[in-house]
Amino acid sequence: MMTSRGRQLSTADERRETVLATAIGAFAARGYWGTTTTEVAKAAGISQAYVYRLFPSKESLFVAVVEHCFVKVRGALEEAVATCGGGSAETVLHAMGDAYARLISDNALMLIQLHAQAAAVSEPAVREAVRQGYARLVEYVRGASGGGEAQVQDFFARGMLCHLLVSTGTEQVQAPWARTLSAGITHY
């Protein structure tokens with residue numbers, strides 16, 4: 001919508017996306033408990049009251065951020081499946097694993113996942129968002145790869161191991177434990 005002065009006004013959906021993008025950076029940097037809606041509003045260039053019009057609570061904002069990250073992960077996995085063109089479960093899982101490793105090289109997404117898992121311990125709405133996000137991803141990975149229970153479990157276990165390796169900077173550590181944990185794991 002244009003104003004009489006020719007300025008473009010943002011719709012609530014556009015502002016919502018701006019707040020989400022801003023919140024991803026803020027929550028990635030300081031986690032659920034360390035981030036305030038005031039900080040998010042200031043960084044997004046809007047009032048805190050408007051943040052609350054878009055998201056009724058800090059918890060609902062964080063849940064929206066977590067859900068957004070799960071959508072990004074799913075999109076990356078879908079693209080990997082389309083690019084690899086099928087094949088054995090191992091081939092498809094490898095392509096999805098490579099896509100995921102590339103995706104978490106964006107530390108913000110990985111940090112949101114780590115903070116969400118930590119917050120899920122004591123925040124029921126966050127716990128439910130994480131459960132639902134993983135439920136959808138597990139079923140997608142199972143269906144897209146045709147992998148069995150053990151293969152799908154290994155896929156997710158390796159993803160969690162990737163979080164540990166990336167977050168601790170293991171690629172910079174020349175020690176037996178680091179070599180053991182990172183053997184066969186690709187970093188970007």
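**Briefing: a chain of helices**

UniProt, in an unreviewed entry, places the feature "domain: HTH tetR-type" at residues 13-73. UniProt positions follow the numbering used here, feature names are shortened, and annotations may be inferred rather than shown by experiment. This is a predicted model: local features need pLDDT of at least 70, side-chain atom pairs count only at pLDDT 80 or more, and totals for chains, interfaces and linings use all residues. Residues are numbered from 1 along each chain as its sequence is written, and side-chain values use heavy atoms, with hydrogens and water left out.

**The whole chain**

- The chain has 9 helices and 0 strands. Helices (H or I, at least four residues) and strands (E, at least two) are DSSP runs, numbered from the N terminus.
- Along the sequence, the pattern reads α-α-α-α-α-α-α-α-α.
- The C-alpha trace spans about 60 × 35 × 30 Å along its principal axes.
- Of the 188 residues, 39% count as buried. Buried means under 20% relative accessible area, exposed means over 50%, and partly exposed lies in between (1.4 Å probe, protein chains only).
- Take the contacts between residues at least 6 apart in sequence: 63% of them join residues at least 24 apart. Contact means heavy atoms within 4.5 Å.

**The annotated regions**

- Residues 13-73, the span of the annotated domain, are 87% helix and 0% strand. The end C-alpha atoms of this span are 22 Å apart.
- UniProt also has the annotation "DNA-binding region", from an unreviewed entry, at residues 36-55.
- Residues 36-55 are 75% helix and 0% strand. Here the end C-alpha atoms are 13 Å apart.

**Helices α4 and α6**

- Helix α4 covers residues 58-84, and helix α6 covers residues 107-120. Their axes come within 10 Å and cross at roughly 130 degrees. Axes are lines fitted to C-alpha atoms, for helices over the stretch in contact, and angles run from 0 to 180 degrees between N-to-C directions.
- That angle makes α4 oblique to α6. Angles under 35 degrees count as roughly parallel, over 145 as roughly antiparallel, 65 to 115 as roughly perpendicular, and the rest as oblique.
- The crossing of α4 and α6 is left-handed. A crossing is left-handed if the near helix is turned anticlockwise from the far one by less than a right angle, and right-handed if clockwise.
- On the α4 side, the contact is made by Phe62, Val65, Val66, Cys69, Lys72 and Val73. On the α6 side, Leu109, Ile112, Gln113, His115, Ala116 and Ala119 take part.
- The residues of this contact divide into 9 nonpolar, 2 polar and 1 charged. Ala, Val, Leu, Ile, Met, Phe, Trp, Tyr, Cys and Pro count as nonpolar, Asp, Glu, Lys and Arg as charged, and the others, Gly among them, as polar.

**Helices α7 and α8**

- Helix α7 covers residues 124-145, and helix α8 covers residues 149-167. Their axes come within 10 Å and cross at roughly 125 degrees.
- α7 and α8 are therefore oblique to each other. Their crossing is right-handed.
- Tyr134, Leu137, Val138, Val141 and Arg142 in α7 meet Glu149, Val152, Phe155, Phe156 and Met160 in α8.
- By class, this contact has 8 nonpolar, no polar and 2 charged residues.

**Buried residues**

- Ala64 lies in helix α4. Ala64 is buried, with a relative accessible area of 9%.
- Setting aside neighbours within four places in sequence, Ala64 is in contact with Arg16, Leu20 and Phe55.
- Ala64 and Val121 are 57 residues apart in sequence. Their C-alpha atoms are 18 Å apart in space.
- His163 lies in helix α8. At 2% relative accessibility, His163 counts as buried.
- Beyond neighbours within four places in sequence, His163 is in contact with Tyr100, Ile104, Met110, Gln113, Leu114 and Gln117.

**Partly exposed residues**

- Trp33 belongs to helix α1, residues 12-34. Trp33 counts as partly exposed because its relative accessibility is 48%.
- Leaving out neighbours within four places in sequence, Trp33 is in contact with Lys58, Ala118, Ala119, Ser122 and Glu123.
- Trp33 and Lys58 are 25 residues apart in sequence, yet 9.6 Å apart in space, C-alpha to C-alpha.
- Asp98 sits in helix α5, residues 89-103. At 22% relative accessibility, Asp98 counts as partly exposed.
- Asp98 touches Thr186 and Tyr188, not counting residues up to four places away in sequence.
- Asp98 and Gly87 are 11 residues apart along the chain, and their C-alpha atoms are separated by 15 Å.
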